[in-house]
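Thanks for coming. Please have a look at it first.

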Amino acid sequence: MNGKKGLIHKVERFSLHDGPGIRTLVIMKGCPLKCSWCSSPYTQSPNPEILYIKSKCTGCGRCIETCQQSAITWDVNLSQVITDRTLCIGCGKCVSVCLNAARELSGRSYTIQQLFQEVEKDAIFYRRSGGGITIGGGEPTLQAEFVGEFLSICQSHFFHTAMETCALTSWEKFAPLLDLLDLVYIDLKHMNDSYHIAWTGASNREILKNIRKAAQKNQIILRIPLIPGFNDSTENITESARFAKQLGKNIIRLELLPYHQFGIHKYEELERTYTIESIQPPSEDDMVNLQDIVRSFGIEVKIGG
Ligand code: SF4
Ligand code: SF4
């Protein structure tokens, strides 16, 4: 194993929703998309970031004194410390001096060896449950070289490997990773390119092209995060199901993931604005109707992940 490093938001153990059996989820930093509904905004930036948990802050000012970049100031109107993220270099010094755990650092560097040692701790659970490792994010293909070497070691230890990806990457980076994966989860956000650009900040052309190619070699579960007013129209779900059907037998199933607002507090911790607060989760009836559309194409479909 070499000294190559990857930037990781978190390693989550005992996950039951990211592939078969008991799994360890490795959440990578950095994403090429900026989805308006993102429930994991910590992972969008490819750099370390400070999270601020206002409810724990006593206003002691230790972080302000410690920051050598002068990135932290006290905001009298808000009665809280604020961080100028254009000045912050993610050194983490303010985290270590905060006695109230009101500051956290998202983004820690791991060598491949350190990461493998972490996931290996649960090898017994993978073997007993048919589980393994799932690498997600963020977007793992942004750190393709690191991820490739890590997956390769996991495979050499016979761990089941899965990846959650938005598939917005070059085929040159994507293809070698697919060779190291037993299962791939790919998001299908919208079939219409204009909508895709407006709500995610990027075109779907490369994504659809990569999904078509990946379906020729890998077992794939397609996931549609269902966002009312964005992609929950009959027309879009019909188009998505038709696309999935054309991909052939390697599409194991399509999952419809209802929009939720559980991630809103994460925007507060990043001192960012959540722009789609007025959108409400879809009703159960709506979900069932959309599920029926997909099922009418002869595709296995599930509500939830
Ligand atoms: S050190 Fe912690 S508790 Fe003190 S002001 Fe900073 S964030 Fe708040
Ligand atoms: S992480 Fe470092 S640079 Fe950023 S606010 Fe904290 S002490 Fe300042």
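The shell around ligand 1 holds 7 nonpolar, 4 polar and 2 charged residues. Here Ala, Val, Leu, Ile, Met, Phe, Trp, Tyr, Cys and Pro count as nonpolar, Asp, Glu, Lys and Arg as charged, and the others, Gly among them, as polar. In total 13 residues surround the ligand, and the closest are Cys57, Cys60, Cys63, Cys98 and Ala102. A residue is near a molecule if its C-beta atom, placed from the backbone, lies within 6 Å of it.

A word on the source: this is a predicted model, where local features need pLDDT of at least 70, side-chain atom pairs count only at pLDDT 80 or more, and totals for chains, interfaces and linings use all residues. Residues are numbered from 1 along each chain as its sequence is written, while chains are lettered from A and ligands numbered from 1 in the order in which they are written.

Next, the strands, which are DSSP runs of E with at least two residues, as helices are runs of H or I with at least four, numbered from the N terminus. Strand β1, residues 5–15, pairs with strand β7, residues 108–111, in the antiparallel sense over 4 bridges; strands pair if DSSP finds at least two bridges between them. Leucine 7 has serine 109 in β7 as its bridge partner. β1 also pairs in the antiparallel sense with strand β2, residues 23–28, over 5 bridges. There, glutamate 12 stands opposite leucine 25 of β2.
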